[in-house]
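The sequence and structure are shown first.

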Amino acid sequence: MDLDALTAARRREWERLDELGRRRRLRGDEVDELVTRYRAASADLADIKTSAGRTPQGDYVSILLARTRLRLTGVRENVLKQLPRFFLLQLPAALYRVRWMTLAVTVFFLAVSTMVALWISGDPAAVAALGARSDLQNYADEQFVSYYRENPNAIFAGTVWTNNAWIAAQCVLFGVTGFWPVMVIMQNAVGVGQSAAIMIAFDRADVFFQFILPHGLLELTAIFVAGAAGLQIFWAWVAPGRRTRATALAAAGRSLATVAVGLVFALALSGLVEGFVTPREWPWPIKIAIGAAALGVFLFYMLWVGGRAARAGETGDLTEYEAGTPTLTAG
């Protein structure tokens with residue numbers, strides 16, 4: 001098939017389809033014409049893709065068809081029918097996209113928290129700067145553990161869940177600023193490092209890890225993912241490639257905002273562990289094993305399910321129907 005010849009022969013028909021698709025109101029005969037031209041253009045697109053693959057002419061016709069399809073149907077798909085695609089394709093693909101950035105954020109957090117913990121715990125003057133020795137001793141002996149046990153399990157789980165979900169949402173939604181995710185990660189790293197330093201200074205390091213690890217494995221990973229998603233959105237604005245910054249930012253925002261929704265469920269699981277497992281008087285290997293299992297479930301979903309969705313061509317972005325027709329970009 002001669003693509004140029006087909007384009008020349010069909011150009012006026014495609015322009016008429018474009019004109020009809022853009023009109024705000026159509027008469028009855030114009031609706032019939034729109035349907036007829038939609039079917040003809042669909043056949044043209046099939047011929048183009050079969051003989052030439054993806055081409056600028058094919059993209060143009062695809063946009064016309066998408067706009068016409070929206071005009072003709074105009075009714076969104078049932079939300080319940082969209083849920084399987086969201087949880088099996090969109091969300092895991094979005095999580096998979098930020099896997100390397102998540103690793104970088106994790107290394108950064110561990111490096112900062114470890115340096116803070118070792119520096120403060122190894123310097124008596126730095127420990128003294130955190131407060132009176134009696135208060136720090138009380139924190140190490142009583143307050144650190146009582147934090148997890150002083151409230152009813154369900155209330156405590158719900159409180160930490162909503163708090164952490166809000167932190168994760170901020171990292172994603174304000175990620176375009178670039179500094180907000182870094183600030184959140186840095187604050188948490190310093191806070192964990194200071195807490196560890198106090199416990200180490202008063203010979204309670206074992207208690208620190210026994211009460212942090214069961215829920216912290218998944219909870220902190222979820223925060224790392226949120227920070228990574230926010231930074232990925234920022235990077236789409238900094239380096240948009242051939243797209244305009246607005247287009248790149250919109251695409252990244254749509255696809256990675258799903259991460260904030262997905263992390264609500266991950267943080268709910270970590271909240272349950274923190275509320276019902278961490279405070280228990282169980283052997284510490286059992287509690288840590290439960291926390292590791294929760295993290296394992298999340299990583300399996302992120303890396304295996306997400307990797308499979310990504311290899312199938314999923315990016316985490318909305319479908320063309322949900323997001324609207326794309327804009328052609330030269331180059």
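F87 has a relative accessibility of 30% and is therefore partly exposed. F86 has 14% and counts as buried, because the limit for buried is under 20%. The model is a predicted one. In total, 16 aromatic pairs are counted in it. One of them joins F86 and F87 in an edge-to-face arrangement, with 5.0 Å between the ring centres and 85° between the planes. Another pair, F300 with W304, is stacked. The two pairs are set out below.

| Pair | Arrangement | Centre to centre | Angle between planes |
|---|---|---|---|
| F86 and F87 | edge-to-face | 5.0 Å | 85° |
| F300 and W304 | stacked | 5.2 Å | 10° |

F300 and W304 belong to helix α12 (residues 284-311), where they are 4 residues apart, about one turn of the helix. F300 is partly exposed at 48% relative accessibility, and W304 is also partly exposed, with a relative accessible area of 46%.

Other rings form a group: a single aromatic cluster consists of Y139, F144, Y147, Y148, F156, F208, F209 and F211. The ring of F211, a member of this cluster, has the charged end of K287 over it, at 4.5 Å from the ring centre.

The next topic is helix packing. Helix α9 (residues 179-201) packs with helix α10 (residues 205-238) at an angle of about 170°, and the axes are 10 Å apart. Since angles over 145 degrees count as roughly antiparallel, α9 and α10 are therefore roughly antiparallel to each other. On the α9 side, the contact is made by P181, V182, I185, V192, S195, A196, M199 and I200. The α10 side supplies A205, V207, F208, I223, F224, G227, G230 and L231. Of the residues in this contact, 13 are nonpolar and 3 are polar, with no charged residue among them.

With neighbours within four places in sequence left aside, E30 is in contact with L20, R23 and R25.

Definitions and conventions. Residues are numbered from 1 along each chain as its sequence is written. This is a predicted model: local features need pLDDT of at least 70, side-chain atom pairs count only at pLDDT 80 or more; totals for chains, interfaces and linings use all residues. Side-chain values use heavy atoms; hydrogens and water are left out. Rings of Phe, Tyr and Trp (its six-membered ring) pair if their centres lie within 6.5 Å; planes under 30 degrees apart count as stacked, over 60 as edge-to-face and the rest as tilted. Buried means under 20% relative accessible area, exposed over 50%, partly exposed in between (1.4 Å probe, protein chains only). Helices (H or I, at least four residues) and strands (E, at least two) are DSSP runs, numbered from the N terminus. A charge sits over a ring if NZ of Lys or CZ of Arg is within 6 Å of the ring centre and within 35 degrees of the ring normal. Axes are lines fitted to C-alpha atoms, for helices over the stretch in contact, and angles run from 0 to 180 degrees between N-to-C directions. Angles under 35 degrees count as roughly parallel, over 145 as roughly antiparallel, 65 to 115 as roughly perpendicular and the rest as oblique. Contact means heavy atoms within 4.5 Å. Ala, Val, Leu, Ile, Met, Phe, Trp, Tyr, Cys and Pro count as nonpolar, Asp, Glu, Lys and Arg as charged, and the others, Gly among them, as polar.
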